[in-house]
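Subject: Handover of a structure, with notes

Dear colleague,

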Amino acid sequence: MTIEAIDLPVVVIDFEATDATTDAQATEIGYCAVAFSAKGVLNPLHHPQAMLCKPDRPISYGAMAVTGICPEDIADKPPHTQVVSYYMPVGAAYIIAHNADYDIQVAKNAGVDTSQYKAICTLAIARKLHPETDHKLGALLYRFLYDEARKYAREAHSAAMDVRFCIQLLRLFCDQAGITDMQSLYEFSEAARIPEVMPMGKYKGDSISEIAATVDGRAYFFWMITDIDDNPYLIQAVQAVLVGSRLKCTVGSKYFNKGQDHTIEHFTDRQTLKLRDVKELISITLYKKAIIATIATASDGETTTFKVI
């Protein structure tokens, strides 16, 4: 672990917002700094706090029903751009939240530079440790901290209380997983976010490894790699099961012979891979079901066509 990783600020956040879309803006921010003790126990550094703010877009009726925050409640509050940017860390930081991508997007919508944030998602961690249960924050609280839920869960969807619940559950999850430092928690969260079951498309609900056992499934995964650019964890899962699979050259070039099989050694990014018996990296696109490949370092742009076998 690096000194830089140890020294990064760590904040648990929760946003109440105008809606559940990627354009959502904050109506309230809840926050609390946390740290692991010398004995490896996750502790809050102060009481969770919250601040109301005024968005630039209307609050949906659905959000009002869930959060209880209505337009008149925030009419005289500071703008969300001012409040969110004041309380969110500047630069590199660990950001902990239940469904962290959503909360970080809300911060980004307020003008916060989120590019250096290292997200730790308690929703992903809960799904990894307890795949059989309901993973909503309140449901997890009732399952694992029943007395706390009975006493305080009526305050759920108050941003400060949601932060409190998130910290309590995360402390429990860290104990269950044997996690005693922030970098290990981040790495566990990152691994937990890589799905084992397809979350979308015609194979939704099927095991990713079982899909990869068929030619059609592997061809579908190549389509995903070349077409989907907003789900990096799903792409990681797909690439992992494609390593070791084979491609057959169907249209040769000066770099590849028609009819020759090649085995995928690894991916270096979303659309670049290394074949086991080829020195150069190749970049791939898809045309119908054909994989169109070019040598990544070549300037001639000559293409080769492969099919999944």
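This is a predicted model: local features need pLDDT of at least 70, side-chain atom pairs count only at pLDDT 80 or more; totals for chains, interfaces and linings use all residues.

Residues are numbered from 1 along each chain as its sequence is written, and side-chain values use heavy atoms, with hydrogens and water left out.

**Overall picture**

The protein holds 13 helices and twelve strands, where helices (H or I, at least four residues) and strands (E, at least two) are DSSP runs numbered from the N terminus. Its C-alpha trace spans about 70 × 45 × 40 Å along the principal axes. Of the 309 residues, 45% count as buried, a term that stands for under 20% relative accessible area, with exposed set at over 50% and partly exposed in between (1.4 Å probe, protein chains only). The accessible surface comes to about 15700 Å², and carbon and sulfur atoms account for 51% of that area; areas come from the Shrake-Rupley method with a 1.4 Å probe, and for residues only the protein chains shown count as cover. Taking contact as heavy atoms within 4.5 Å, 56% of the contacts between residues at least 6 apart in sequence join residues at least 24 apart.

**The largest pocket**

About 760 Å³ of space lies in the largest pocket, and of the 21 residues that line this pocket, Arg127, Ala192, Arg193, Pro195 and Tyr233 are the closest to its centre. A pocket here is an open set of points, on a 1 Å grid over the protein atoms alone, where a 1.4 Å probe fits, with protein on both sides within 12 Å along at least five of seven lines, and lining residues have an atom within 4 Å of a point. Grid points are joined across faces, edges and corners, and the volume is the space filled by probe spheres set on the points. Helices H6 (122–129), H10 (182–192) and H13 (232–242) each supply at least two residues of the lining, and H6 gives the most, with four residues.

The buried residues of H13 are Tyr233, Leu234, Ile235, Ala237, Val238, Gln239 and Leu242, and what covers them includes H10, helix H11 (208–211), helix H12 (215–227) and strand E8 (261–269). Leu234 has a relative accessible area of 0%, and, leaving aside neighbours within four places in sequence, Leu234 is in contact with Pro195, Met198, Pro199, Met200, Ile208 and Met224. After H13 comes Gly244, with a positive phi near 95°.

His266 lies in strand E8 and is partly exposed, at a relative accessible area of 31%. Not counting residues up to four places away in sequence, His266 touches Val243, Leu273 and Lys274.

Asn99 sits in the loop between strand E5 (93–97) and helix H5 (100–109), where Asn99 is partly exposed at 35% relative accessibility. Most residues other than glycine have a negative phi, but phi of Asn99 is positive, near 75°.

With best regards
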